[in-house]
Amino acid sequence: MDVIYKETDVLVIGGGLAGMRATIEAHDNGAAVLLALKGKLGKMNAGICSYHCAAVGPWGDPDDTKELHLKDVIEVGGYLGDQELCKIMVEELTDRVLELEKYGLMWDRDSEGNIDPYLGAGHSKPRTLSTYKRQGGLDMIHSLRSEMRRRKIPLLEDIMATGLLVNGGEVVGVVGLDYLNGTFICLRAKSVIIATGSHHQVFPVSTPPPEGTGDGVAMAYRAGAELMNMEFTLFVFSPANPRTFRGILIPTLFKVGDETLHLLNNKGERIMERYDPEHLEMATKDVIARSLHNEIREGRADGEEGNILYADLRHLPYEAAKQKLTDLVFCMEKAGIDITKELIPISPASHETIGGIRINKRCESSLPGLYAAGSAIGAIYGNDGITGRGSGHALVFGKRAGENAAQRAQQIDMPSIENVMDQVEDEKKRVFKPMETRSNILPIMVLKDLQQTLGKYFRMEKNERDLQKGLKKVLRIKKERLHDISLSSNTKRFNLEWRMALEVENLVDIAEIMFRAAIMRKESRTMFLRDDYPEKDDKNWLKHIVVKKQNGSMSIEALPIKLIYIKPEEED
Amino acid sequence: MKFAYYPGCSPQTTTRELDFSTRKIAKALEIELEDMNGAACCGSVELRSNDPDLFYAINGRTLAIAESKGLDLLTICNTCQLTLSQANKSLKNDDKLRDNINRILSEVNLRYSGGVDVKHLLWVLLENVGPEKIKKEIKTPLTGLKVAPFYGCHILRPKEILRFDDPDDPRSLEDFIQMCGAEPVDYSGKIKCCGFHILPYNPELAVKLTGKYLKEAGDAGAQCMVTPCPLCFTMLDGYQSQAGKQLGYQFNLPVFHLPQLLGLAMGMGKDELMLKRNMIAVDEILHKIGRI
Amino acid sequence: MEKLSAKIFRYDPTTDDSHRYETFEVPCEKGMRVLDVLMYIQENFDTSLAFRYSCRRARCGSCAVVVNGKPEPACLGEAKKNMVIEPLPNLPIIRDLVVRTDEYEERIQDINPYLVRTKQPELKPEKLLSSDFTQVMPLNECIECFSCVSACPVNGIKWKGFLGPTTLVQLSRRLLDPRDDRDRIQDALRTGFENCVSCYMCVNTCPVEIGILDGAIENIKKNYIEKRQQDDYSKYNNAWKNIVIKNGIVNPFILMRRILKINTLLKNIVTGIKFFLKGRISLSSKRIPNIEEIRKIEKVIGEKR
């Protein structure tokens, strides 16, 4: 088995919004950069499905300030955000969104040619920016990709990074599988940036793309880096069928004319009138999710599993709806639904996960040499659904990670990997194990098993019994099935099943951490709900739950959040 | 029924047999063709990209002339059908454009208010005249004749402008062939491009495209071809031997215009349909259907 | 339960001599997409089936395949009762339905697919009017799925130098962007845009309904003719226009005579003679009655400009 060796100053893993922004910044700061991604550039990321970004700037309400933005972010996040990082993010977002226009994007303008923001869910002032037909994410990805093309940055596509190489406590490289050719690859670098996105694939139905298997988070954990707030994830609703379209978000906050779309229960009642008559469908994601889930609980939903509610677009002017709610209208019409006459059945799905690698303001993880950006980082906002969350932390921390990683690369020599060749060998054995195992356990079976476990025991409303049951099941999967996974075909050429085998290993590790962290947090807050602890507990739980692999086992502790700028009492 | 007759440039110069045979079958089917007396070239794709203002003005004029006669427009060329339909749709829906064009047309005492429909002969035969009436006129059905339809791009695409048939799985030309008593041959090239619009600029490319689909039709068992477009006809018939030379193949696939095939089925003869003008001799086909 | 039948192209270049087709029966569901069929087959019948997909809503452009002869993203394509699903044509096959799209990506890279401004603006919001961007905005929806170029007949016969509709859309995006100030005609020269046969196959195929021909390619043509009046392509287009103004009818022979170079005329002399013998070449410039109206119209338009 040949191993392919490459080396570079800064190695970025993951080619989404954060990864591309980090790559561009590292390159512009003089570093030799290599971007390794699990697919094709610009075609494999959650960013394209996003709609917008929110930033304070010379637009919108002249009374808007970055302090107000920070307050919104921290409050909507249930005060679980890292306030220092959030302040940095709010500060730097202005430049990041303006920069995108240099990269070719064009934010919506009003009739006088000024940037025209709208009010996003959870924001106190209009500061949310989007582009033509509300496809901000698509335009953001395209503009970053065109900058990558301008700089002709070398890419390693169809590569799955599987492990970090750690020498004397510092990260010196990454190993992985080139699954297009079936070869093992060893990449040496002075700095490694993880931008691999979220781990939503632990759930049976999730809206972001299927590559979100938390590869970077799992690798970082196995290498000994700290993870934060793994108990948090976002729950949303998406069209109930067909399965392909489960990835579409229901954009409740977009006004078409004077109205948003309506969410209805099986009696045809407008759900949000009961739970939030002030904001209605413009409430934050967690309020909407809780409301809809409550309707399901109280039996006002349809379907075999009693979890189908409805999105109503019938009252909206058709042509305007096509322009503002593009994805939803476009795809539903393909599926044969006439949105002017019929309701769209929707059911629960998971959105991006919030937990991830813990970073400081230089985007450094707890392991020197390892940086992280984007959805792979842990809960800097807290557990929330404020508009523009995803693109915000991808752009700001992507840039900072790139900048800091390049700086480090200038200050140190290329690390040697002589001392870690045993790690390379061990990883190679682990990666090739499914190819050599003969059993009747296929990766898809283990994945489905895991997903069903989380679907059943890690729902939006949790309780101790379910969480413990779920944890036990995950541990059983880990013990009994994970290491006996085999493949139905031993082709080395683009073997997606092989890739899935390795992804499942990551997901199982992550699932275990998620359950343990959720068991530890004994309270309810924003989108984290526990039936057995239904109240918010500021006294005990204004804390970050930090998980780390220490001496071969999982250490888990709750660290108090530093309420530097905003304290909960101020709200009332 | 009566139409403002818009033959287009090719049937007035290179493919006069199409104009001639159209008039013949129109008379037999009681379709009155009103001469437009001075309608200009539709501009084709060349004028549309080069000078859109002139494109809309000239086609607006053509539509205005038809409207002044209170008639819909009948075309016998795919590209005329497309360009006029495109101009018509824009002039009907875009008030600002229509006002601008009418301002220009007022200089020549014309005005268009959007009341004309543009129809291709194929559609008129299938929809306005109808298979029932046509079947009554079929005196010598072309039984057993295997005919490959070649639609030609601009009668099918873009769908939003042309609307009559499904561009991915059209049936109109097959229905027409069956109406004449013949057997349509299926092959994937039937909806593809003959390359005519690149002929003046890049003949080699055009001939290569034509050759590809001629071969497909032949391989699928066709004895002859029919096309609703004189431009496609010019390529398939006029450049057939060049295409054969390029491919290293000997083609012998006679090509008919739409009204020529229908005329044959209605009992008309070689002279009435100007079949002598077809570059690939049609005698073998006439023999097969028992006409000589 | 109703079932549909899917015949899938299978090929592993590392082990197979040639490709084969495998047929699967899949339970039918309301609104089912081709991607649903592929996922079902992969999960229930053959976990080794290889295909790409990501966003599942025609945003990423990674899942394009050929379904019953038509290229389209699998996530949008409607699942039909009988389907043949094949990889995109004219590209090297990686495995099964996955192809190597490097060639198309290199073509795009070749036309400098990024905003070029000689003077970089400061990091302050610019006053930009949406009305200046109406032509370019719809082109920004291009997801580079490569369905259009897979359906393009000129690309299909591998005509050298024609880079295809995807590349032309990406070029047009920058050409029509009022902020871009690079001489995009330089890039257009490398694309072979003049070889577009205007067949609308690309428009018919585009899953996100971009007006590729009218919105992108014709704008490149228009710009080219404006800026390069002396080039052959512009001369050809202008000759057409001038004959329309002069005669109202375009006699192909007159057109050819005006634009074709001697060697091209000679190459086609045999065909020319054959046409002449069949009476297809009219030597006179036929003119419509009321030609003065056309000339008046042209004059009025010229004055307005």
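Student: Among contacts in chain C between residues at least 6 apart in sequence, what percentage join residues at least 24 apart?

Tutor: Keep in mind that this is a predicted model. Take the chain C contacts whose partners sit at least 6 apart in sequence, then keep those with partners at least 24 apart.

Student: Is chain C a compact globule or more spread out than one?

Tutor: Chain C comes to 14 helices and seven strands. For its 305 residues the globule rule gives 19 Å, but the radius of gyration is 24 Å, well over that.

Student: What does the C-alpha trace of chain C span along its principal axes, and what share of its residues is buried?

Tutor: On the burial side, 49% of the 305 residues in chain C count as buried. As for the extents along the principal axes, the C-alpha trace spans about 70 × 65 × 35 Å.

Student: Which element of chain C gives the most to the side that touches chain A?

Tutor: That interface has 46 residues of chain C in contact with 54 residues of chain A. On the chain C side, the elements giving two or more residues are strand 6 (93–95) and helix 1 (34–44). With four residues, the top contributor is helix 1 of chain C.

Student: And how many nonpolar residues are on the side of chain C that touches chain B?

Tutor: Here 52 residues of chain C are in contact with 49 residues of chain B. Elements giving two or more residues to the chain C side include helix 9 (212–227), helix 10 (232–247) and helix 14 (291–304). By class, that side has 13 charged residues, 13 polar ones, and a nonpolar count of 26.

Student: Why does B:Asn100 count as partly exposed?

Tutor: B:Asn100 lies in helix 5 (residues 95–105) of chain B. A residue needs 20 or more other C-beta atoms within 10 Å to be buried, and 12 or fewer to be exposed. B:Asn100 falls in between, because its count within 10 Å is 18.

Student: How far apart are the C-alpha centres of the two domains of chain A, domain 1 and domain 2?

Tutor: The domain assignment puts domain 1 at 238–350 and domain 2 at 421–571. Their contact takes four residues from domain 1 of chain A and five residues from domain 2 of chain A. The C-alpha centres of these domains are separated by 30 Å.

Note on methods: Residues are numbered from 1 along each chain as its sequence is written. Chains are lettered from A and ligands numbered from 1 in the order in which they are written. This is a predicted model: local features need pLDDT of at least 70, side-chain atom pairs count only at pLDDT 80 or more; totals for chains, interfaces and linings use all residues. Two residues are in contact if their C-beta atoms, placed from the backbone, lie within 7 Å. The radius of gyration is taken over C-alpha atoms; the globule rule is 2.2 Å times the number of residues to the power 0.38. Ala, Val, Leu, Ile, Met, Phe, Trp, Tyr, Cys and Pro count as nonpolar, Asp, Glu, Lys and Arg as charged, and the others, Gly among them, as polar. Domain bounds come from an automatic or database domain assignment.
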